[in-house]
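Work through the two exercises below with the sequence and the coordinates open beside you. Each task is followed by a solution in steps.

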Amino acid sequence: MTSRFSSSDPSGAVNSRAPRRRTVVKAAAATAVLAAPLAAALPARAAEAPAFLHGVASGDPLPDGILLWTRVTPTSAAIPGSGIGPDTEVSWTVAKDKAFTTIVAKGSLTATAVSDHTVKADIRGLEPATDYWFRFSAGGTDSPVARTRTTPAADASVAGLRFGVVSCSNWEAGYFSAYRHLAARGDLDAWLHLGDYIYEYKSGEYGTRGTVVRPHAPAGEILTLADYRTRHGRYKTDPDLQALHHKAPVVAIWDDHEFADNAWSGGAVNHTEGAEGTWTARQAAAKQAYFEWMPVRPAIEGTTYRRLRFGKLADLSLLDLRSFRSQQASTASGSVDDPDRTITGRAQLDWLKSGLKASDTTWRLVGNSVMISPFAVGSLSADLLKPLAKLLGLPQEGIALNTDQWDGYTDDRRELLAHLRSNAIRNTVFLTGDIHMAWANDVPVDAGTYPLSASAATEFVVTSMTSDNLDDIVKVPEGVVSAIASPVIRAANRHVHWVDTDRHGYGVLDVTATRAQMDYYVISDRANPNATSSWSRSYRTLTGSQTVERTYDPV
């Protein structure tokens, strides 16, 4: 039976070379700073025994398989990014029950400093649409037990699917209560993270309403492989994040902050070539750390674009909108309408188009890191336009679009939407993060004439979990800015059914044969570790309609 299952390379990514002297010295310094608090977290009776301080996770489910992840701390000094620590055998076990009385698969891997002591096991031979429980073990220590779930068989009729949907989880801006509330539901087939799982800025520099709720590590901006590993490691210590990883598989894509703010293929707004090393080296380090620390199975090495299928009900195309894009439009880099500029790259756009056309499922879901719906600022007053421009990374004197979104790459968007229309591809739903606001949009073929022109798809955008939105930037009570800005934005964008510019939270997407519905939830206070959650609004798109409508009850 053992031969039915296989394990991936422990690194889950491109193998790193031996660390250079400067890297070792820097890692040693980081070890001195961080080893003490991590050692304190280990059991006093066995301070040097292996420990699973970063939880366990699963991801990218298949009908017959699942990707399992953990990070073992073999000694108190072998902290994330340290580059030190002994090779450690880590075994894994998968069972059909939480008590592990019916074991269906087991095996072992070796965790090494080369992969930051992370391991991934790519399990096969499982049954479709089935709950499983798994754990890891090392040196007599067991990890927490976690639940995961496989997807339905490709040809299976599926009554419904339910996904948690999140983005923009900034450690320093607040607590990850959204993860806790999603974990408490117990009804998720999987959860989608649409980008900005970590943030790269130095402490206190980004999206915290001027107050660091809890400091991340390292304190400086992350630039090197050791830095990115350390930052991922800090995030994975969050108890609410661990709780959700222990309850359901994640399906994740990256956006810019996994690299640097407003990243593109050749650089980023938050990257100074030379002073912060080369972009090539920084991007490679960020990608390596991401694939080490995330349960993601890339279809093409070094990217996150791939496709998952959930029976006959839905497929999910996941995009990578950072690795191949042209620089954001400006006076120096060209017009947003320049056909030589791209957000997807030619190969990825062709892959997306062919996949959407060939799909035989009822719904075509697209995991999309930046908003595809067009957005004009409209006639906002100066006191609101300036912070909105700051949030979106726009010139603060005003501009009618956000060039980091699909608005900055109109030729790609025009080609994709024309493809949907000319091939009569229905029920395409974009699921989006990034913008720190909640939206429910039609995706018009021609925004200038909408609603007279057709809608080619629909889009549900979830707000940030913790990162600043408009009320945080203006520093006014929650809801004040949205009450003023939302009507103005909707008036200038007739395809926008709803926008909430102020609140933090998450979404729950429920899909049946007749409709796809997004329930929007808000968190009471991101700075409160015990924040409550409440339902805000729900929108749905009915099969065949290509438009969004409000519905008044969550699923």
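A polar contact is a pair of N or O atoms within 3.5 Å; within protein, one atom must be able to donate a hydrogen and the other to accept it, and residues adjacent in sequence count only if both atoms are side-chain atoms. The model is predicted, so local features need pLDDT of at least 70 and side-chain atom pairs count only at pLDDT 80 or more, while totals for chains, interfaces and linings use all residues. Residues are numbered from 1 along each chain as its sequence is written, and side-chain values use heavy atoms, with hydrogens and water left out.

**Exercise 1.** Determine which side chains H193 joins by polar contacts, and whether H193 is buried or exposed.

*Solution.* Begin with the side chain of H193, which makes a polar contact of 3.3 Å with that of Y179 and another, of 3.2 Å, with that of S169. Next, consider accessibility: H193 has a relative accessible area of 1% and is buried, a term that means under 20% with a 1.4 Å probe and protein chains only.

**Exercise 2.** Find the order of the strands in the seven-stranded open sheet, and which strands stand at its edges.

*Solution.* The order is β14-β15-β16-β17-β19-β18-β20, with mixed pairing, where strands (E, at least two residues) are DSSP runs numbered from the N terminus and two strands pair if DSSP finds at least two bridges between them. At the edges stand β14 (306-310) and β20 (496-500), each with a single partner strand, so one side of each lacks a neighbour in the sheet. Within the sheet, β17 (residues 428-432) pairs with β19 (residues 455-461) in the parallel sense over four bridges, and L431 stands opposite F460 in β19.

Note on methods
Buried means under 20% relative accessible area, exposed over 50%, partly exposed in between (1.4 Å probe, protein chains only).
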